[in-house]
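User: Hi! Could you walk me through this protein model, bit by bit?
Analyst: Happy to, let's have a look together.
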Amino acid sequence: MNFTLAVYAAPHASQSAATALRFAQALLRQGHQLYRVFFYCDGVHNGSSLATPPQDETDLLPAWQSLQAEHGLDLVVCIAAAQRRGVLSEAEAKRLERPAANLAPGFELAGLGQLADAVAHSDRLVTFGS
């Protein structure tokens, strides 16, 4: 079965982002396909390279990056939601004349059309967070 995940929660706000990560890992272990992971609303913070959780909390960023590298996952961060929250790629930081970029390697910025495309190419859309 082919899945798309939509993550709406920041990694530090609730267990939703961590649950999405574990769900993605379980899907892939069981032989399912993961078409895309789309980060929207506060979920765009999952793609920030600047977040540094306390030592007693799990850092989800390296786990997402590892999963992306191992399986060639498409980790898409909504560009409009990211700009509102200060998550920028190098190109966007330059275009918007901001002093720095913080989109982590392995993630890409794209519009909501990528979510629509993912839904059209997937058997299931599973959402995490609100």
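Analyst: One term before we start: buried means under 20% relative accessible area, exposed over 50%, and partly exposed in between (1.4 Å probe, protein chains only). This is a predicted model, where local features need pLDDT of at least 70, side-chain atom pairs count only at pLDDT 80 or more, and totals for chains, interfaces and linings use all residues. Residues are numbered from 1 along each chain as its sequence is written, and side-chain values use heavy atoms, with hydrogens and water left out.

User: Okay! Is Ala81 buried or exposed?
Analyst: Ala81 counts as buried, because its relative accessibility is 2%. Ala81 is found in helix 3 (helices are DSSP runs of H or I with at least four residues, strands are runs of E with at least two, and both are numbered from the N terminus).

User: And what is Ala81 in contact with?
Analyst: Leaving aside neighbours within four places in sequence, Ala81 is in contact with Tyr40, Cys41 and Val44 (contact means heavy atoms within 4.5 Å). The C-alpha atoms of Ala81 and Asp42 are separated by 7.6 Å, with the two residues 39 apart along the chain.

User: Where is Cys41, then?
Analyst: Cys41 is in the loop between strand 2 and helix 2. Cys41 counts as partly exposed, because its relative accessibility is 25%. Its phi is positive, about 55°, although Cys41 is not a glycine.

User: Switching topic: how do helix 1 and helix 2 pack?
Analyst: Helix 1 and helix 2 pack at an angle of about 25°, with axes 11 Å apart (axes are lines fitted to C-alpha atoms, for helices over the stretch in contact, and angles run from 0 to 180 degrees between N-to-C directions). That makes helix 1 roughly parallel to helix 2 (angles under 35 degrees count as roughly parallel, over 145 as roughly antiparallel, 65 to 115 as roughly perpendicular and the rest as oblique).

User: Which residues meet there?
Analyst: From helix 1, they include Ala17, Leu21 and Leu28. Among those in helix 2 are Leu60, Trp64 and His71.

User: What else does Trp64 touch?
Analyst: Not counting residues up to four places away in sequence, Trp64 touches residues including Val37, Phe39, Asn46, Leu75 and Phe107.
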